[in-house]
Amino acid sequence: MAYSAMAGSGGGTTDGDDPLQTAVWRLRSRACWADAAALLEPVSAATALQRAALLVERCLYTERGWPEAEDALRTAEALAEGDDQRGAAACERGQLAYAATVHGVRDRADEARAALGRAAALIAPGARGRALLDFRRGLVAENLTRSPQGARAAYRRAHAGATAHADALLQSFTWRHLAGLALREGELAEARHGFAESLRIREELGYLVGTAPALASLADAESEPEATRLRDEARRLFRLLGGVPTWLAAQLSPPGVATA
């Protein structure tokens with residue numbers, strides 16, 4: 001089964017393919033982004049893009065490593081060849097600016113929108129990278145612009161693209177975020193289905209760092225005692241990975257317990 005959801009990943013990898021990509025995936029899925037990036041020398045545009053994408057993802061999940069991500073991104077931008085790679089680099093630039101904004105590091109919302117707009121002008125409709133771009137534009141619409149309708153439309157485009165390109169990991173993200181919008185609107189059955197699909201895919205892929213968020217999201221749509229069981233499992237994984245993703249701490253804290 002393919003897994004990607006990352007610009008510059010060379011289209012994703014599958015079990016039994018390139019041993020280097022398999023090693024990178026295993027490290028990435030266990031929240032070891034720096035170790036995964038260390039396996040990739042930025043000697044080509046493709047590896048520079050993949051390395052930058054790993055370090056940008058680390059920022060989103062850990063709220064750390066911003067200078068390293070910026071350096072890697074500048075290298076990827078300098079080495080990019082052709083519209084697809086320049087578009088992929090712009091997509092990562094937009095994601096880094098988005099992460100800095102949502103984590104309160106610095107307000108870079110305008111930069112995020114501008115970079116994703118550049119990516120949209122460079123990445124052809126129907127291209128593999130377009131689905132990831134649509135997903136990230138949905139994130140901006142949902143969390144920065146506060147436009148659930150715009151977010152839903154972008155997530156649906158991303159979901160269709162991920163399905164067309166067999167990008168299972170990206171499908172897990174689109175399922176989860178569409179389900180989140182459904183939950184907000186009180187559509188419990190739709191939310192439960194989407195969260196369950198996201199969790200199933202992540203467990204099948206072995207995407208450990210994304211499994212705790214998927215469990216916690218499904219718990220929000222389930223009744224007791226299943227909700228408690230899911231949250232307990234999410235807490236176990238969260239502790240196993242050393243408190244990553246950081247933004248999950250507040251959601252997993254027992255009632256009445258403050259978080260830093």
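**Close-up views of a predicted model**

**View 1. The largest pocket and the helices that line it.** Helix 3 (45-62), helix 5 (82-102), helix 7 (128-143), helix 9 (168-184), helix 10 (188-205) and helix 11 (211-221) each contribute at least two residues to the lining of the largest pocket, where helices (H or I, at least four residues) are DSSP runs numbered from the N terminus. This is a predicted model, in which local features need pLDDT of at least 70 and side-chain atom pairs count only at pLDDT 80 or more, while totals for chains, interfaces and linings use all residues. Residues are numbered from 1 along each chain as its sequence is written, and side-chain values use heavy atoms, with hydrogens and water left out. A pocket is an open set of points on a 1 Å grid over the protein atoms alone, where a 1.4 Å probe fits and protein lies on both sides within 12 Å along at least five of seven lines; its lining residues have an atom within 4 Å of a point. The volume of the largest pocket is about 870 Å³, a volume being the space filled by probe spheres set on the points, which are joined across faces, edges and corners. Of the 33 residues in its lining, Tyr 98, Leu 139, Arg 176, His 177 and Trp 247 lie nearest the centre, and helix 9 supplies the largest share, seven residues.

**View 2. Gly 87 in helix 5.** Gly 87 belongs to helix 5 and, with a relative accessibility of 0%, counts as buried (buried means under 20% relative accessible area, exposed over 50%, partly exposed in between, with a 1.4 Å probe and protein chains only). Leaving out residues up to four places away in sequence, Gly 87 is in contact (heavy atoms within 4.5 Å) with Ala 119, Leu 122 and Ile 123.

**View 3. Trp 175 in helix 9.** Trp 175 is part of helix 9, and its relative accessible area of 23% makes it partly exposed. Apart from neighbours within four places in sequence, Trp 175 touches His 159, His 193, Gly 194, Glu 197, Ser 198 and Ile 201.

**View 4. The largest nonpolar core around Tyr 61 and Val 209.** A nonpolar core is a set of buried Ala, Val, Leu, Ile, Met, Phe, Trp, Tyr and Cys residues joined through side-chain atoms within 4.5 Å. The largest one has 59 residues, and those with the most contacts inside it are Tyr 61 and Val 209. A second, separate core of 19 residues includes Ala 212, Ala 214, Leu 215 and Phe 238.
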